[in-house]
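Please look at the sequence and the structure before reading on.

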Amino acid sequence: MSTQNNSIQRILLVDDNPDDRLLVIRELSREFSQAQVIEIVDANALHLALTVHDFDLVITDYQLNWTTGLEVLRAVKARDRNCPVIMFTNTGSQEIAVEAMKAGLDDYVIKSTKHFLRLSQAVRLVWQQYQTIRKAAQLELRLQSLLNQLRIGVFRATPEAKILDVNTAFLNILGLPSLEEVQSFISEQLYSFMTDERPSGQEWEREIQFQRPDGKNIWLLFSETQNQLHGETFIDGLMEDITERKQSEEEIRQLNQTLEHRVQERTAQLEAINCELEAFAYSVSHDLRSPIRQIDGFVNLLKEHLENTTCDQTSLRYLQAILELTNRAGKLVDDLLTYSRTGRAEMHYSIVDMNRLVWESKQQIEMDFPHRTIIWNVQQLPHVWGDRSLLRLVWQNLIENAVKFTQLCQQPIISIGSIEDEHEIIFFIQDNGVGFDMQYVNRLFGIFQRLHNQIQFEGTGIGLANVQRIILRHRGRVWAEGDTNQGAKFYFSLPKAST
């Protein structure tokens, strides 16, 4: 072919009659002025032209002195079956036209004066048709090349599992050399899968594990679409080898099982250790109470005796210091026992009136500190689902905390309230006391952690740890906000009963 562009560059004109050739050339030049017409008048010229193969279209007479138009047609098609050929003759017949069409003739025009115009039209239409066919062939070639480069199998089949077309990747995945082998294998191994009733809808995905002819077990993912073409139904689909993905998923599943088992074992070990520590702490605390009480009693007796028999103020001051230390030790032991009990106590859930708990704790505080004048802002609080005794301890610790750290204020103000969202109720208690530095906020709820001077603010550092332990047992949260000398605000949340 002489050119790959869209215009005709060279036309081979096979005709013995010079006058007819002249008329044809003149007619073609009107519409195809750029085209070169190569005149063929004998067999040698035709052989040379076919050998060089440098033309776009052939126009041939049927009756030639040295051959026939049919032979010219067959010779051209033998060289290039897509090369357009038009027979322009006045010696043919209907039978000849039919035979020529069967041999690949693209158009048949009767040679007469009034049909010379028809010849140009035929050339244009045949050339346009040829361009369309050539573009389709190029597109198909390009598509086939891309399909063959894919690592995913592509196929078309009938709903009855007849495989119509596959790409190279499809053959490679199944380990089969040809479409025939694929059809045989599908019929023997995958017929039920291929003809199973598909899910509803036009597109679907299915996975299957099977054994290839070479014995290798693989997993395949079929992504299929049902299409209609000229009234027939086809299944167009992709086939992907997902064996590695399945193996990875299985490895992850086994790893998760192993990890979960290890976590359970470790959790059980930690729970056992925790129980032992709890029991030990409880036992030690309980056993310490009696000797501390006895020390306190004997020291009091000794102090009374010395007060009546001696004026040694130094000894009396030492005894007073011992009494204060025994009191602190006793309070520490009591708090430790309480802390231990909150972690060991069985939970008794019921509907709890938080207003009542706050009122009881507030009354106790006011009895313990009758000289304190505090402004209380207590909102109406909701009822919750929890353990009443433990939640009472929460409010008692938080209110005592607020009262203690506002003792230096000229006018202490303590506010108590709550807010709710879809899943939980959040309670808060806010004071205008000494507050705390937020960089130490993570230490607030740790056991024995104190952010303030022991002499100025007495305490064992167990109260907030107790609060956290109780709230966590209720599946809630605790946190705090504050600023030095600007007060503090403590929060705890409880899940709503429905959640």
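Which residues of the largest nonpolar core touch the most other members? In this predicted model, local features need pLDDT of at least 70 and side-chain atom pairs count only at pLDDT 80 or more, while totals for chains, interfaces and linings use all residues. Residues are numbered from 1 along each chain as its sequence is written, and side-chain values use heavy atoms, without hydrogens and water.

Met-354, Trp-395, Ile-416, Phe-427, Phe-490 and Phe-492 touch the most other members of this core, which has 38 residues. A nonpolar core is a set of buried Ala, Val, Leu, Ile, Met, Phe, Trp, Tyr and Cys residues joined through side-chain atoms within 4.5 Å; buried means under 20% relative accessible area (1.4 Å probe, protein chains only). The elements in the table each give two or more residues to the core. Helices (H or I, at least four residues) and strands (E, at least two) are DSSP runs, numbered from the N terminus.

| Element | Residues |
|---|---|
| Helix H10 | 354-368 |
| Helix H11 | 388-404 |
| Strand S14 | 413-420 |
| Strand S15 | 424-431 |
| Helix H12 | 463-473 |
| Strand S16 | 477-482 |
| Strand S17 | 488-495 |

H11 gives the most, with nine residues. Apart from this core lies another, of 24 residues, among them Val-166 and Ile-235.

The buried residues of H12 include Leu-464, Val-467 and Ile-471. Just after H12, Arg-475 takes a positive phi of about 60°. In S16, Val-478, Ala-480 and Gly-482 form the covered face, whereas Arg-477, Trp-479 and Glu-481 form the uncovered one. The bridge partner of Val-478 in S17 is Phe-492.

Methods:
Buried means under 20% relative accessible area, exposed over 50%, partly exposed in between (1.4 Å probe, protein chains only). Two strands pair if DSSP finds at least two bridges between them.
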